[in-house]
Amino acid sequence: MATTLSNPDTTLPNHNDFLDQCRQRISSGAFNNVIADLVNALPNISDAFSSAQANLLVADAYLQQKQFSPALPYMKEAEVHLERCRASNPAWFGLKIDCLMTKAWIIYFNLHHSQNLDDCLNELNELLLEYGNNRQRMAFFSVVSLGMLRRYQWYNLPLEAISHSQYSYELARQENNLQAMISVLGELGMIHMFRNELKLAIQAFSKAVELCGEKEIGFKAISTNYIAVCYRMLNKVSECEHWTIQTLALARAHGVKVYEEHANSNLAWIQIKRGNLLTAEELARNSYDYLDKVQHPFIWLPVMPLLYVCLKNGDWRQAGKYAFPLYTPPRKRLPDSMEAHLLPMVNAWLADDGENCLQQLKMLIQEAEITGHL
Amino acid sequence: MQMVAIVILHHRKEVQEALEKLVRRLANVGQVDLWHSLSDFPGKNGVPDLVLMDASFHPLLNNLPENWINTRWVVLAKNEGEAAEALFAGAHACFLSHQHPEELFPLLQKTLESNEGETLVRIVQQLRSKADNQPAFDTNEYDLTTKEKEILRLMRNGVHLKGIATATGNTYETIRTHVKRIYKKLGVASASEAVLKAMRMNI
């Protein structure tokens, strides 16, 4: 296979067979081999449209592995080749849509260049009205949703966010696209969760769990995890524990490390509630280290148990170190009543003012207990 | 793709560690070195693109080797006075400990992308509002020369010392000598105090 692929038949004007094979191999998860073959083949691909396709496939293969920086130059190269062969046919516009969608994921959501996201979304919207298919429309809705979550910093989302997700769900249902339905239900649950509609959130996540059955284990781990978080926010320890244990089993079975660490931070919270501070600290610190490494916006999940332990130890220096990343993008904004103490706490920490830092930390912890964040 | 090298110079380990997490999220960051004191200068990994440092280390800016000319300097200061000192010495931007922490990331991004020194102008504007509430001085009282008044006027307009050297056709060292003499004549110990006095003298 590798020999054929690294020497694509240049007599074929669009290298369609080669690119189709690569596309299939990407969907089956053979990312690194496909990247190597595509990169080898790129110099031999003569027409701009095929070059754009090949570069975009490399970018997508990196993107699916969450390797955003290496994906970026290929996405940009795809854009250049696409402009070189600008045309007014559905194939060109279809690829343009895919290219913009990839750009949104790489640049705006993962490399934190959010300033031009609206331009990108507007361009996508116009193209989709005329040329897009339903697969692309569903992907677009997902990008718009994520853009909205980020713009609102996962806090106090508007009612429109719910209607948007409901519409996406309807489209996924019409298309009979199970994965998209589950994914949208996850989005909807999250939107409810960050509107503090915890029971509605649990309903949406539970429906997603039901649809997952025994097949979509990765999605199932995500949903059970957020059900556990909702119960944590409702201060229901035994329910939180029940769903956390399920999440741990699913996440470990499917190798979804992010949700394994979410679950560990929930276990840390449970240990705090049971007065086992040492165990809580260890669980939360491991979770914190991982979520920080992958730049996860919900770092508050392990931070709040850690801050509680710091308060008990009177360790304001360590508390500031844990709290500071709550202001590092991409961040989930905490409720205003918590921000009112978190901000002066971090400022006092930066100014080396231990007394004030501890005082604000104490009030922050009290608020966290009221709002269900601890 | 050009990778960016960053140095964090801070005397508090826990602050360094938190800042390291922040800078690692900037685009294209490669090497990040943590320095604890001036004795770590100039490091082992070549010239960094950006140094993020505690204001107390700003004297480092006065004696930089020529090959450090393109390095950007961002200073973490506790107050406007500390910020002004660092900015007059040539820092590109300043972050005050009472600012919203969320502003630090875009400030670093912007500093890496451009050479603009907007922060000094902002700090000077803050000093101006302080000067407005204080009684005026007579400029003749201090026996300032025409050159010294020119330098003080440029400082008042938010130009850092290297910029003043370029604007007046002098070397940086000459300007520093003039500035020290200005401090002595005005009876002040810092650039921000000198600027505040210059505003009250209406220079």
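**Ground rules.** I number residues from 1 along each chain as its sequence is written, and I letter chains from A and number ligands from 1 in the order in which they are written. The model is predicted, so local features need pLDDT of at least 70 and side-chain atom pairs count only at pLDDT 80 or more, while totals for chains, interfaces and linings use all residues.

**Entry 1: chain A overall.** I looked up the secondary structure of chain A and found 19 helices and zero strands. Helices (H or I, at least four residues) and strands (E, at least two) are DSSP runs, numbered from the N terminus. The C-alpha trace of chain A spans about 75 × 45 × 40 Å along its principal axes.

Next I checked burial. Buried residues make up 47% of the 374 residues in chain A. A residue is buried if 20 or more other C-beta atoms lie within 10 Å of its own, exposed if 12 or fewer, and partly exposed in between, with C-beta atoms placed from the backbone.

**Entry 2: one helix pair.** I picked helix H16 (residues 300-313) and helix H19 (residues 354-371) of chain A; their axes come within 10 Å and cross at roughly 135 degrees. Axes are lines fitted to C-alpha atoms, for helices over the stretch in contact, and angles run from 0 to 180 degrees between N-to-C directions. H16(A) and H19(A) are therefore oblique to each other. Angles under 35 degrees count as roughly parallel, over 145 as roughly antiparallel, 65 to 115 as roughly perpendicular, and the rest as oblique.

Which residues meet here? Met304(A), Leu307(A), Tyr308(A), Cys310(A) and Leu311(A) in H16(A) meet Leu361(A), Lys362(A), Leu364(A), Ile365(A) and Ala368(A) in H19(A). By class, this contact has nine nonpolar, no polar and one charged residues. Ala, Val, Leu, Ile, Met, Phe, Trp, Tyr, Cys and Pro count as nonpolar, Asp, Glu, Lys and Arg as charged, and the others, Gly among them, as polar.

**Entry 3: where A touches B.** I found 19 residues of chain A in contact with 15 residues of chain B. Contact means that the C-beta atoms of two residues, placed from the backbone, lie within 7 Å. Helix H17 (316-323) and helix H18 (336-350) of chain A each supply at least two residues of the side that touches chain B. By class, that side of chain A has 10 nonpolar, six polar and three charged residues.

Entry 4: Most residues other than glycine have a negative phi, and most peptide bonds are trans. I looked for exceptions.

- The peptide bond from Pro329(A) to Pro330(A) is cis, with omega near -5 degrees. Pro330(A) sits in the loop between H17 and H18 of chain A.
- The bond from Phe41(B) to Pro42(B) is cis, with omega near 5 degrees. Pro42(B) lies in the loop between strand S2 (29-35) and strand S3 (50-54) of chain B.
- Asn176(A) is not a glycine, yet has a positive phi of about 55 degrees. Asn176(A) is exposed, with 8 other C-beta atoms within 10 Å.
- Asn235(A) has a positive phi near 60 degrees. Asn235(A) is partly exposed, with 13 other C-beta atoms within 10 Å.
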